[in-house]
Amino acid sequence: MKKIAAVLLLVLLMPVSLLAAGATMPEYYGESYYAQLPELYRRLKTAEGKKLVLVGGSNIAFGVDTAQLEESLRGFGWGCTVCPFGLYAAVGTSAMLDLAQNCLGEGDVVVLAVEPTAGTFSTYFGAAAFWKCAESAPELLPEVSAGKRAALAGSYIGYLQERAAIARSGVLPRAEGVYAKSSFDGNGNMVFHRAGNIMPLGYDPAAPIDFAAAAVEDAFAEQVNGFCELAEKRGAQVVLSFSPMNRGALADGWEETVYPWFRTLTETFRCPVISDPNKYIMDSGWFYDNNFHLNSAGARIRTYTLACDLLGFLGCYQKVPFDAPPMPAPMARLPQQGAEDGADFLFAPLGEGGYVVSGLTGAGRGKAELTVPSVHDGRPVVGFQAGVFAENPLLERLILPETVAAIPDRAFDGCVSLTRLTLLHQSAPPDIGDDPFRGADRLRVYVPSASYPLYRDGAGCEGNAWERWQGRIVRY
């Protein structure tokens with residue numbers, strides 16, 4: 001923290017008292033997923049010879065086998081060091097471009113592959129997440145734009161408060177499993193084995209992929225095009241490819257929206273498009289824990305596709321040798337049905353694989369405590385519609401199973417008696433809407449102690465929607 005304090009004094013000109021407070025605190029994020037960014041940055045900055053730089057979000061970390069890609073390209077005479085440089089939607093693509101731009105040299109190729117969501121093609125910057133990444137790497141701080149440095153200054157007090165909360169609780173950020181620094185090798189390649197798809201439906205229904213909503217912010221287009229110009233001056237080139245996309249998560253009518261979206265990208269960004277987005281729409285069996293994260297076998301398939309696209313761009317159209325792995329069997333296990341409480345709920349099918357709670361029966365509306373079942377009619381219950389529990393003044397306690405993927409916006413409007421929401425989610429928090437607890441002022445959210453760090457810190461690869469609700473969270 002002393003190194004960070006010195007940089008802050010020079011770059012951000014913050015009050016000395018705040019710098020001193022930060023300097024006295026121990027480091028907490030050194031083994032977490034956040035700590036991988038400095039390693040990727042140092043590799044990018046120090047790599048010799050030609051580099052292939054892969055910029056994007058966490059689809060890069062979960063979806064590229066760097067050794068396989070290097071071998072495929074080398075076999076056709078294009079030797080390079082592959083530098084994966086995508087980890088965090090929580091930080092934002094804009095910051096990754098800032099960090100990469102001064103590391104480019106003659107002969108380098110940059111592949112921009114961004115997840116098609118509403119906020120990724122924007123200049124969004126997650127200052128709080130960036131502080132965690134830079135905890136032991138102050139050299140990152142001056143590399144971002146002036147506007148981002150101002151955002152870092154504005155979020156520093158909140159960052160100190162988070163660290164103080166960690167110290168008080170004694171619960172360190174999670175440093176095991178896939179979302180940990182130990183998941184990566186020294187080349188930035190994810191080595192944590194992701195055996196198959198662990199999502200109950202094979203996709204995340206709370207995060208549909210809607211090409212019509214994946215608009216490109218004007219300021220982001222300006223940044224990307226400026227990045228392309230700078231790369232060209234340095235003798236490098238930028239090309240556009242695509243993130244893998246879970247076919248099961250595509251919004252209705254995607255066949256009519258994918259081409260206009262593709263055309264918008266080709267007209268907006270002043271760099272060649274080397275890929276067909278349809279080739280990156282992949283069956284759910286190749287994915288892992290969200291609609292853009294591939295399992296280990298899926299990463300090999302995507303890497304092969306990207307290698308073919310790159311070689312075609314370089315003028316080589318020979319067949320790339322590749323032994324395709326078999327699609328893994330689904331890993332999600334159907335939860336065991338507990339006590340029969342389905343009589344309290346009405347259900348609606350969601351696709352072919354699951355159900356959502358669509359309403360309460362008369363008996364259910366009369367109860368003070370409800371437990372949503374994890375299974376109905378042999379299929380997982382993966383969510384509930386926004387109005388199911390709203391305007392229910394009798395409801396006091398609610399238990400949600402881990403299969404429920406999201407809590408909708410304003411889910412508890414009018415639930416004036418609701419005091420306890422118990423979440424059984426051990427592996428990952430559910431998504432939440434912008435204002436899910438409006439109208440339930442007395443509500444506290446009880447979460448398992450084992451997964452509490454994910455509610456407090458986020459996983460790292462995505463923004464932490466639970467950050468603003470820390471005052472409501474209680475561990476059990």
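Colleague: Why is Arg74 called partly exposed?

Modeller: Its relative accessibility is 48%. Exposed needs over 50%, and buried needs under 20%. Arg74 falls in between, so it counts as partly exposed. Keep in mind that this is a predicted model.

Colleague: And what makes Glu70 buried?

Modeller: Glu70 has 17% relative accessibility. The cut-off for buried is under 20%, so Glu70 counts as buried.

Colleague: How do you know that Glu70 and Arg74 form a salt bridge?

Modeller: Their closest N and O atoms are 3.7 Å apart. The limit is 4 Å between a side-chain nitrogen of Lys or Arg and a carboxyl oxygen of Asp or Glu, so the pair qualifies.

Colleague: What separates Glu70 and Arg74 along helix α5?

Modeller: About one helical turn, because the two residues are four apart in α5. An α-helix has 3.6 residues a turn, so residues three or four places apart point the same way.

Colleague: How many salt bridges are there in the whole structure?

Modeller: The search finds 17. One of them joins the side chains of Arg42 and Glu139, at 2.9 Å from N to O.

Colleague: What parts of the chain does the Arg42 and Glu139 pair link?

Modeller: Distant ones: Arg42 lies in helix α3, and Glu139 in the loop between α7 and α8. They are 97 residues apart.

Colleague: Why are Arg42 and Glu139 called partly exposed?

Modeller: Arg42 has 30% relative accessibility. Glu139 has a relative accessible area of 29%. Both values lie between the 20% and 50% cut-offs, so both residues are partly exposed.

Colleague: What makes Arg397 and Glu369 a salt bridge?

Modeller: A closest N to O distance of 2.9 Å. The limit is 4 Å, so the pair counts. This pair also links distant parts of the chain: Arg397 is in strand β12, Glu369 in strand β9, 28 residues apart. Arg397 is partly exposed at 30%, and Glu369 is partly exposed at 38%.

Colleague: Why is α6 called largely enclosed by the rest of the structure?

Modeller: Eight of its nine residues are buried, so the description holds. Those residues are Thr93, Ser94, Ala95, Met96, Leu97, Asp98, Leu99 and Ala100.

Colleague: What makes the protein chain as compact as a globular protein of its length?

Modeller: The chain has 13 helices and 17 strands. Its radius of gyration is 23 Å, close to the 23 Å from the globule rule for 476 residues, so it is as compact as a globular protein of that length. The C-alpha trace spans about 70 × 60 × 35 Å along its principal axes.

Colleague: What share of the residues is buried?

Modeller: Buried residues make up 54% of the 476.

Colleague: And what share of the contacts with a separation of 6 or more comes from residues 24 or more positions apart?

Modeller: 77% in this chain.

Conventions:
Residues are numbered from 1 along each chain as its sequence is written. This is a predicted model: local features need pLDDT of at least 70, side-chain atom pairs count only at pLDDT 80 or more; totals for chains, interfaces and linings use all residues. Side-chain values use heavy atoms; hydrogens and water are left out. Buried means under 20% relative accessible area, exposed over 50%, partly exposed in between (1.4 Å probe, protein chains only). The radius of gyration is taken over C-alpha atoms; the globule rule is 2.2 Å times the number of residues to the power 0.38. Contact means heavy atoms within 4.5 Å.
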